[in-house]
Amino acid sequence: MSTHIVVLGGGTAGTLTANRLRRMYDAGECRITVVDQDDDHVYQPGLLFVPFGLAQPHHLVRSRPRQLHAGIDYQRARIDRVDLDARTVHFAVGGWVSYDVLVVATGARLLPEETEGLTGPGWGENVFTFYDLPGAVGLHHALERFQGGRVVVNVADLPFKCPVAPLEFTFLADWYFRRCGVRDRVQLTYATPLDAAFTKPAAAKALGGLLADKGVELVTEFTLGEVDGAGGRLVSYDEREVPFDLAVVVPLHGGAAYVDRSPGLGDELGFVPVDPHTLQHPDHPEVFAIGDAAGLPASKAGSVAHFEGATLTGNIARLLAGRPVEPSYDGHTNCFVETGFHKALLIDFNYDTEPLPGHFPGAVGLPLLKESYANHLGKLAFEWLYWHTLLPGRELPGIGAEMPEQGKSHSLA
């Protein structure tokens, strides 16, 4: 009887995991099933561009099952819970599936209703998010109507996926309003729960400098407690207020709802705690987590899921062969930061090394921590790579899962 690997989630992490595993095992050796509640695979990095008219919503959505290699079963179902002792996944409409190995890849869930007032008066009128497709489309229409005033980009709290996206939105808003000829009538503010523009010191300095250069006010240590849409106020837990005419909010994030209904699977936020280097659950060795669903100190970004993929699939193979798993994932994260005016900045880091200046992936390559047109082209090229290389589970030529040291300058950090 063949081994059954069940992958929960057909997004970035789940799709690339299933495809990598299918390339490793033939159908007689291993049955692979992917479970998701809908059939729409959204290219999430593209949501950033929708509000500015730089991406069309229908171009960002493709069929989930069509991204999977032949020989992978796809089951459309809403998950009710996971029974870790019985090694079964139960569905909301009844029925269940058993597994030998379980991969949790159901991502992060937006929880706007958890912030007082966020989904109240003003939601979809002068308060938006671009972190889902309906919100990005609504924000596009709002920006088309906007003639001036106070625009606040706010991160409610940590953790959240794609940590550079709110900064990118702010940079693109500066570009957009200048292109529309109304920048002098717009006050841009970036409000974050962090004590700087970003978590890593060198990147925080570079990105904070860009905000200042573009005339963007930076409000730090601002953890969102309440949204007053009618009065145009964001209120922090320490009762500071930031006024707005248009608020762009990154809501609170949590894990998938079924994780909370599955004793022993997740943490208090609904993310799945796993070893940061092996991606294996500490109490259930047959359970792994990848991507945004994993409770790791790594960023919740698409590049992380890609780099984790090699470790995860390798460790599943070791587990099935009766060999010890290897702690090979180093927290490698790579992010293009769109800064407007056909430029972008690139950061590359891991658990132990913060973003450094230099070049990626080696001594000759794209500049790090520096705006360039080449990085902008890299950002745009990523969409093709996403659909044709990352999701199919292929390696990126010249770019390994481990963070490269070559080309980085520690002395200039």
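## Helix packing and selected residues

Leu133 touches Leu47, Pro57, Leu60 and Val61 once residues up to four places away in sequence are set aside. The model in which these contacts are found is a predicted one. Leu133 belongs to helix α2, which spans residues 133-145, and its C-alpha lies 19 Å from that of Phe382, a residue 249 positions away in sequence.

Two packed helices are described by the angle between their axes and the distance between the axes. The table gives both values for two pairs in this model.

| Helix pair | Angle between axes | Distance between axes |
|---|---|---|
| α1 (residues 12-24) and α6 (residues 302-320) | roughly 45° | within 9 Å |
| α3 (residues 165-180) and α4 (residues 201-213) | about 25° | 10 Å |

The axes of α1 and α6 cross at roughly 45°, and the two helices are therefore oblique to each other. The crossing in which α1 passes α6 is right-handed. On the α1 side the contact is made by Thr12, Ala13, Leu16, Thr17, Arg20, Leu21 and Met24, while α6 contributes Ala305, His306, Gly309, Ala310, Leu312, Thr313, Ile316 and Ala317. Sorted by class, the residues of this contact between α1 and α6 comprise nine nonpolar, five polar and one charged.

For α3 and α4, the angle of about 25° falls under the 35 degrees used as the limit for this class, and these helices are therefore roughly parallel to each other. Here α3 passes α4 in a left-handed crossing. Leu167, Thr170 and Phe171 of α3 meet Leu207, Leu210 and Leu211 of α4, and the contact of α3 with α4 accordingly has five nonpolar residues, one polar residue and no charged residues.

Thr389 is placed in helix α7, which covers residues 373-390. Its relative accessible area is 9%, and Thr389 is buried because this value is under 20%. When neighbours within four places in sequence are left aside, Thr389 is in contact with Trp384, Arg394, Glu395 and Leu396.

How many disulfides does a search of the whole structure find? The search finds zero disulfides.

Methods: Residues numbered from 1 in each chain as written. Predicted model: local features only at pLDDT ≥ 70, side-chain atom pairs only at ≥ 80, totals over all residues. Heavy atoms only, no water. Axes fitted to C-alpha atoms, helices over the stretch in contact; angles between N-to-C directions. Helix = DSSP H or I, 4+ residues; strand = E, 2+ residues; numbered from the N terminus. Parallel < 35°, antiparallel > 145°, perpendicular 65-115°, else oblique. Left-handed = near helix turned anticlockwise from the far one by under 90°. Contact = heavy atoms within 4.5 Å. Nonpolar A, V, L, I, M, F, W, Y, C, P; charged D, E, K, R; others polar. Disulfide = S-S within 2.5 Å. Buried < 20%, exposed > 50% of the residue type's maximum accessible area, 1.4 Å probe, protein only.
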